[in-house]
Amino acid sequence: PLDKCDGKAMNIGFGESVTIRTLAEEMVRVAGKTVPFIDGPAREGDVKHSLSSIERTQNVLGWKPEVSLRQGLTELLGR
């Protein structure tokens, strides 16, 4: 499939929007750690919601996500 790439960026994700807080909590959970989280006020320019499109990756490479966020983090950490 890499021969189909044309040098343009492609997003890899699992097709769902996830907050930074949720990502951090999941990483801590999978790592089996305890970390205190401190919430502060939003800063000017903070992105409130984002979801990268994986459509180009699906179309060009025929790729689709096959694991959840938790499973991906678990595999990444070798747990």
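**Legends to close-up views of the predicted model**

**View 1. Glu26 is in contact with Leu69, Arg70 and Leu73, leaving aside its neighbours within four places in sequence.** Contact here means heavy atoms within 4.5 Å. Glu26 belongs to helix H1; helices (H or I, at least four residues) and strands (E, at least two) are DSSP runs, numbered from the N terminus. With a relative accessible area of 10%, Glu26 is buried. The classes are buried (under 20% relative accessible area), exposed (over 50%) and partly exposed (in between), with a 1.4 Å probe and protein chains only. This is a predicted model, in which local features need pLDDT of at least 70 and side-chain atom pairs count only at pLDDT 80 or more, while totals for chains, interfaces and linings use all residues. Residues are numbered from 1 along each chain as its sequence is written, and side-chain values use heavy atoms, with hydrogens and water left out.

View 2. The relative accessible area of Thr57 is 0%, and the residue is buried. Not counting residues up to four places away in sequence, Thr57 touches Met10, Asn11, Ile12, Gly62 and Trp63. A polar atom of the Thr57 side chain lies 2.6 Å from the backbone oxygen of Asn11. Asn11 is also one of the residues that Thr57 touches.

**View 3. Thr19 lies in the segment before helix H1 (20–31).** Its side chain makes a polar contact with the side chain of Thr22, at 2.8 Å. A polar contact is a pair of N or O atoms within 3.5 Å; within protein, one must be able to donate a hydrogen and the other to accept it, and residues adjacent in sequence count only if both atoms are side-chain atoms. Thr19 is partly exposed, at a relative accessible area of 44%.

**View 4. Lys8 is placed against Arg56 and Gly40.** Lys8 is part of the segment before H1, and at 56% relative accessibility it counts as exposed. Lys8 and Arg56 are 48 residues apart along the chain, and their C-alpha atoms are separated by 9.7 Å. Gly40 and Lys8 are 32 residues apart along the chain, with their C-alpha atoms separated by 36 Å. Gly40 is found in the loop between H1 and H2; its relative accessibility is 58%, and it counts as exposed.

**View 5. The protein chain as a whole has three helices and zero strands.** In sequence order the pattern is α-α-α. The radius of gyration of the protein chain (taken over C-alpha atoms) is 16 Å, well over the 12 Å that the globule rule (2.2 Å times the number of residues to the power 0.38) gives for 79 residues, so the chain is more spread out than a compact globule. Along the principal axes, the C-alpha atoms fill a box of roughly 45 × 35 × 20 Å. Of the 79 residues, 9% are buried. Among contacts between residues at least 6 apart in sequence, 78% join residues at least 24 apart. The chain exposes about 6,700 Å² (Shrake-Rupley method, 1.4 Å probe), and carbon and sulfur atoms supply 54% of it.
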